[in-house]
Amino acid sequence: MTVMKLVSRTKLYWGLIAIFLIGIIWSPLTSSGKNIFLSSGNLLDVLRQVSTTGLIATGMTAVIITGGIDLSVGSLMAICSVVCAMLLTVPGETPALMLGVPSVLLSALVIGAWVMRFVFLNLEKSRTGISHSRDLTLDRVRGVYIPALVGIVLGAVLLFYLLPQSESKFGVLGVLLVVPAVGLLFGAINGIVIVAGRLQPFIVTLAMMVTALGIARLTAGQNNAVLPVYTGSNATADFDILRSLVFGIIPMPGIFFLVAIILYAVVLNLTPFGRFVYAIGGNEEAARLSGIESGKIKIVTYAISGLLAGIAAILYVAQYRQGKPDAGAGLELDAIAAVVIGGTSLMGGRGSLAGTFCGVLIFGLLSNILQLHNINSNLQLVLKGLIIVGTVLVQERNAREILARFRLVFPRRARSEASGEERPRKETMSLNTGGNGNETS
Amino acid sequence: MKRRDTLKLAVVAAALLSTTSLFTAHDGIAQDKKLRIGFSQATTIEPWRAQFNKDIIAEAAKHPEVELIITDGEDKTEKQVADVENLIRQEVDALLISPKESAGLTGVVTQAIDAKIPVFVLDRNVETDKYVQFVGGDNKLIGRAAGEYAVELLGGPGKAKGNVVEIWGGMGTQPAHDRHDGFHEFTDKEPGIKNLLDQQSGDWKQDQAYNIMATALRNNEKIDLVYGHNDPMAYGAYLAAKDAGREKDIKFIGIDALPGEGVTWVNNGELSATFLYATPGAEGLRQAIKYLKGEKVEKNVVLPTLKVTKENAAKIMKDNGL
């Protein structure tokens, strides 16, 4: 029984392991008999290929755990890729600069002020011994004036760093500062509209998806469907660092992805913020009544989702040497699929970044295997679709349940069977009904 | 009283009209009445379409008597249909259309023809032959030119040898099939040429081609030539090979030859050759103007291709202001 329990607990990893084994066994060999699939080069190729989707899926996971969804990430990535390419290749007052610099200023202002306030709150906590920040009040000087000042100073410092760069073309650091800020701003707008307007995340982010695509095209301009980035000729050579191999083997985009997902996983699992995210997804009303500032938490998850889309865009530009308004087209759906394959419930409240990591890798390895076998592109799509449904089915149900539904076997009488799962009550084909509600928290 | 006023007015108006029309008759149509030509573009987001628009705008600038109205179908059939309907309402003197797809736009093209507007179909045809003229490139022809050159690069007819990677454009699109068929008319005759991939589609995109090539490089120790159905895909494959340190062993061939893309890459020595898929922008407008001035035009104009290699790339770039 414990073995069964263990198997069902680790279902997620079994899918990954299975696909890995299929890859190894079925892999073509090099002329010297080496396994191509298993070669470090190939596996690191996969890591590099999934890093864009992976970064987006990382932000998406937290959004989905709060019970939301972010359809705008593909378009946000498009804007960011255009801004990135334009800053790198076109000097002077470009639309990208007009979009980028205010974003940086605003982000600096808000983040600077927030960090300062956070510091004051914690000082106050240790001084008074009150454990909940909502029971604390800061006076005006420490609560408003000093944080605002810090934010303004931070913004001014960044402005002094960035503006001289706009005379010529931006370097890699400037881009790394500006582009994620653009993503952050648009993501935050998503969150603010959802929270302040009390609207469905689906429709708000859908609207943002359309709007952002338009802005991306406007930024790029009618005659620039694609902005090529040739490092060393029309852009600085140090941008190359973002597609270099660290220690000669590990691709830089992969490192960005790994660092981002690990950091976010730590935040989600070990900080109050992370607990609040799960709590909001579980029952938003209850979370709000128990004193969680659900609005703020949600805005932050959308903002981070946008930020990660911005980082993904920079890596995209580095890897494919171009920024364009259709860069992230359809990516939001790939990311959602990866998140759901990873066991995160679209209903919210349940899921993990470890699962998302597996989901992203399952997707990446699958494409790699099909590609290595030179399977026809159209057939690849069919197989991918089938495997999404199959994986989610295995994720959410076990074989006995499925067979029982079709009266092929008798259902077990005891509800608490080995897997510890309840049988689904709803008669829907939906992929996320019922299921094991107490897997997390 | 009232009736007399209107009568007076009518007489004055008629007199005015007749005098102005007399004037215009003397000066010819060029002065007062501009030729209003509507152009319905499928999308402007692809580089080739952007070049297409640049070409037609540049040509229109050479004809002061022409007023060109360009609409953008935003890559959606229904938007383009609405665009054309709009142009019909505006009663343009001639309609140029580059359809997003054949079937979906045939209806509205027929509508324009019924409204007595001469229609010029550019690049992709529609399923009627009542239009005045079709202007477009021939993808099969271009595919053949690429195939012939590929055989030459791999050792010449009869003794060509090598492993070829072909990266398809969109699988459901006619241009991709034509570019494939034309190419294989030459390469399939060579027993020494081995095709490594089976219908791998990069969907015309540089990034997707990059990933296909990255995997193909892992899978095959020897690749001699890459044929991309367009330049960005050939270039994406080149970048993948470059990142794997193998670009020196491989020849890359693309199609389209846009000045800012393929021609530049050929000039940099990154691609071996690219084949011009000319935009019908300039030629289409010239033909329409010719027709409106009463000259006869042919039913079908096929734009020729051009092989762009290191020898002529620099000149083409200079001609296009690069």
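This is a predicted model: local features need pLDDT of at least 70, side-chain atom pairs count only at pLDDT 80 or more; totals for chains, interfaces and linings use all residues.
Reader: Why is B:Gly143 called buried?

Author: The cut-off is 20 or more other C-beta atoms within 10 Å. B:Gly143 has 27, so B:Gly143 counts as buried.

Reader: What does B:Gly143 touch, leaving out residues up to four places away in sequence?

Author: Contact requires C-beta atoms within 7 Å. By that test B:Gly143 touches B:Asp178, B:Arg179, B:His180, B:Asp181, B:Gly182 and B:Phe183.

Reader: How far is B:Gly143 from B:His63?

Author: In sequence they are 80 residues apart. In space the C-alpha atoms are 34 Å apart.

Reader: What is the secondary structure of chain B as a whole?

Author: Chain B has 12 helices and 13 strands.

Reader: How do you know whether chain B is spread out or a compact globule?

Author: Set its radius of gyration against the globule rule. The rule gives 20 Å for 322 residues; chain B has 25 Å, well over that, so chain B is more spread out than a compact globule. Its C-alpha trace spans about 100 × 35 × 35 Å along the principal axes. Buried residues make up 48% of the chain.

Reader: Which residues form the contact between chains B and A?

Author: Chain B gives 24 residues and chain A gives 26. On the side of chain B, α8(B) supplies the largest share, nine residues. That side divides into nine nonpolar, nine polar and six charged residues.

Note on methods. Residues are numbered from 1 along each chain as its sequence is written. Chains are lettered from A and ligands numbered from 1 in the order in which they are written. Helices (H or I, at least four residues) and strands (E, at least two) are DSSP runs, numbered from the N terminus. The radius of gyration is taken over C-alpha atoms; the globule rule is 2.2 Å times the number of residues to the power 0.38. A residue is buried if 20 or more other C-beta atoms lie within 10 Å of its own, exposed if 12 or fewer, and partly exposed in between; C-beta atoms are placed from the backbone. Two residues are in contact if their C-beta atoms, placed from the backbone, lie within 7 Å. Ala, Val, Leu, Ile, Met, Phe, Trp, Tyr, Cys and Pro count as nonpolar, Asp, Glu, Lys and Arg as charged, and the others, Gly among them, as polar.
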